[in-house]
Amino acid sequence: MGLQPGHQPGQRQGGADPAAAEVHRADRHQGQPRGHRLERPADPHPEAVTSGQAPDVVNIGNTWAASLQSTGAFMPFDQSAMDAIGGKDKFVKTALDTGGMAGQDPTSVPLYGLAYGLYYNKAMLDKAGVKPPTNWDELVAAAKKLTDGKQYGFSLAAGSYTENAHFAFINAAQNGADLFDKDGKPTFTSDGVVNGIKRYLDLMQADKVVNVSNAQYDNGVKAVNDFATKKVAMIINQNNADNSIQANGMKSSEYGVIPFPAPADSTTKTASHVAGINMSVFNNTKNKDAALKFVKYMTSDETQSALDKKFTALPVLKGKTPNFTDNPEEAKIFADIYETKSKPLPLVAAEDQFESTVGKAMNDMFAKIASGGTVSTDDIKSALQTAQDQVSSAG
């Protein structure tokens, strides 16, 4: 799911618990959907489902697609439903992969695409005599050269549990580690997960290239604003950060973007999770045909082009060129990250619990570092064991 600056419909922001969802009810009289916004906790409008007053179509954060699928609230996009919206082959594979659990018909389809990239200030890097990093050691070395007391090499949303959960996943993936096994059981305490989190925490703790005040940054906007106002040289953010960067007066020609660097010995090219927003149809809809027509309209070439530009999103349809930026190089890099270097967050029912338990544990770790404490590998493993036990017991 997208959590960065530049609000997206249905998008959880920063570390906020409520999930905003934009819902649409098909109007049988006029043949057009009517829309309104609802603010709800994690589950999709539970009282609407039980009361029979559910909307026909709802936007969901794609990282929770499998968790929401497990509630049984949403209609599976079987072959017939998929054909009604134009067929599954029109979607970028990585985007459609977020639609639900593996081996089952998806219960959501892509609407907006987002991916993480490492933004860097070209002038700051040139002045420091460093090149954009291609691996983790180069990233840390560059960030150290760019940290001088007046500015920092990096800024992180270290107080956002969703951001922290995302980077627990990405760093673990770069280590070749999974957060759940093939049976859907959590494996948070594996060395790859623990060491990945340690590497990320050490940007503040050992490397000291992140201001300790970032432990209070509970959403990505704050880190982006530091970058746009030239307080920091680099950030890792989703592509809709462009909105806030440019609103602060920074031109697209002043910054570059590269994939999030992995350790030099990494055997995977994962640089992001597949972020974005999907659409689902409620199972109890009385307007299935109209709902599917609406989904087809929202995922049509013309509508997608308009939405991508308005909401700074990446195309979820094959063969489309990103139009969210006037910088063709940035567009090309983000499209490549999204299509070839992104991996869906775990497609298991307990994915939402992973985000809340591990993400919040990392919030606490950053807070401890910011207050002068030390977080060791054993501390991380202990915290992850607690999170793993919580998820296991809930399952």
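In the predicted model, V109 stands opposite M279 of strand β10. Strand β4 (residues 109-114) and strand β10 (residues 275-281) pair in the antiparallel sense, over five bridges. Six of the six residues of β4 are buried, so this strand is largely enclosed by the rest of the structure.

A pair of aromatic rings is described by the distance of the centres and the angle of the planes. The count of aromatic pairs comes to 14. In one of them, the ring centres of Y112 and F311 are 5.4 Å apart and the planes meet at 75°, so the pair is edge-to-face. Because Y112 belongs to strand β4 and F311 to helix α12, the pair ties together parts that are 199 residues apart in sequence. Y112 is buried, with a relative accessible area of 3%, and F311 counts as buried at 14%. A second pair, Y119 and Y255, is tilted, with 5.5 Å from centre to centre and 50° between the planes. Y119 lies in strand β5 (residues 116-121) and Y255 in strand β8 (residues 255-258), so parts 136 residues apart in sequence are tied together by this pair. Y119 is buried at 0% relative accessible area, as is Y255 at 1%.

Ring pairs also link Y116, W136, F167, Y200, F260 and F366 into a cluster. Over the face of W136 lies R199, at 5.5 Å from the ring centre. K310 lies over the face of F311, at 5.6 Å from the ring centre.

N327 is placed in the loop between α12 (301-311) and α13 (328-340). With 15% relative accessibility, N327 counts as buried. Leaving aside neighbours within four places in sequence, N327 is in contact with S252 and Y255. The side chain of N327 reaches the backbone oxygen of S252 at 3.5 Å.

Conventions:
Residues numbered from 1 in each chain as written. Predicted model: local features only at pLDDT ≥ 70, side-chain atom pairs only at ≥ 80, totals over all residues. Heavy atoms only, no water. Helix = DSSP H or I, 4+ residues; strand = E, 2+ residues; numbered from the N terminus. Buried < 20%, exposed > 50% of the residue type's maximum accessible area, 1.4 Å probe, protein only. Polar contact = N/O pair within 3.5 Å; in protein donor to acceptor, adjacent residues only side chain to side chain. Contact = heavy atoms within 4.5 Å. Pairing = 2+ DSSP bridges. Phe/Tyr/Trp six-rings, centres within 6.5 Å; stacked < 30°, edge-to-face > 60°. Lys NZ or Arg CZ within 6 Å of the ring centre and 35° of its normal.
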